[in-house]
Amino acid sequence: MLSSNRTPYWLPIILSSIVLLITMGVRQTTGLYVSPINTTSQLGIIDISLALAIAQFTWGAVQPIAGVLADKWGERPVLFAGIGLFIAGQLLSPFLVSKWGIILTFGLLTAAGTGICGFSLLLGLAAKRLPAEKRGLASGIINSGGSMGQFVFAPMVQKFIQLSGWMNSLLYTAYISLI
């Protein structure tokens, strides 16, 4: 079956699920970095917690903004901007190890990127390309990508941190995201 624009109907489902797998997987593992960052840097738990609290707020706040921007400019450019912010946050985090650096990278860039590439944009993107009778199933499959991300990324990130440290682990997750 093809959707109206000649794209196989399953393609946006699979791609959206993979994007959500990666972004939610990485987002759900930020807590694994608290102890290593605290141990190896001058940052205390309060500074790291502040950055993660800002990340929670940012993640939720950017989602409706991303929807408005997607309505105006289309989902693709907004999605790619989100992926770019997300990857920039991951790549810069090991090099900006200060209170303001961690707020910028974890609290703003990575969180904004994962929020933009979140459920609402991806579900909307897929729903526009699917017949009405396939949207419910598609929503479930796409949502399962986010859950699968936590299942896959939590042990993987923990192993990365154990084997090569938290800084390299962030770089590895950025490289995985680029692929």
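1. Basis of the note. The model is predicted, so local features need pLDDT of at least 70 and side-chain atom pairs count only at pLDDT 80 or more, while totals for chains, interfaces and linings use all residues. Residues are numbered from 1 along each chain as its sequence is written, and side-chain values use heavy atoms, with hydrogens and water left out.

2. Secondary structure. The chain has seven helices and zero strands, and its elements, read from the N terminus, run α-α-α-α-α-α-α. Helices (H or I, at least four residues) and strands (E, at least two) are DSSP runs, numbered from the N terminus.

3. Overall dimensions. The C-alpha trace spans about 55 × 30 × 20 Å along its principal axes. For 179 residues a compact globule would have a radius of gyration near 16 Å, and the 17 Å of the chain agrees with this; the radius is taken over C-alpha atoms, and the globule rule is 2.2 Å times the number of residues to the power 0.38.

4. Of the 179 residues, 44% count as buried, where buried means under 20% relative accessible area, exposed over 50%, and partly exposed in between (1.4 Å probe, protein chains only). Among contacts with a separation of 6 or more, 77% come from residues 24 or more positions apart, a contact being heavy atoms within 4.5 Å.

5. Glu75. This residue is found in helix α4, which covers residues 75-92, and Glu75 is buried, with a relative accessible area of 9%. Apart from neighbours within four places in sequence, Glu75 is in contact with Ala70, Leu121, Gly124, Leu125, Lys128 and Arg129.

6. Thr58. The place of Thr58 is in helix α3, residues 45-73. Why does Thr58 count as buried? Thr58 counts as buried because its relative accessible area is 9%. Residues up to four places away in sequence not being counted, Thr58 touches Gly107, Leu108, Ala111 and Ala112.

7. Leu109. Helix α5, residues 99-116, holds Leu109, which is buried with a relative accessible area of 16%. Not counting residues up to four places away in sequence, Leu109 touches Leu85, Phe86, Ala88, Gly89, Leu92 and Leu104. How far apart in space are Leu109 and Tyr9? These two residues, 100 residues apart in sequence, are 32 Å apart from C-alpha to C-alpha.
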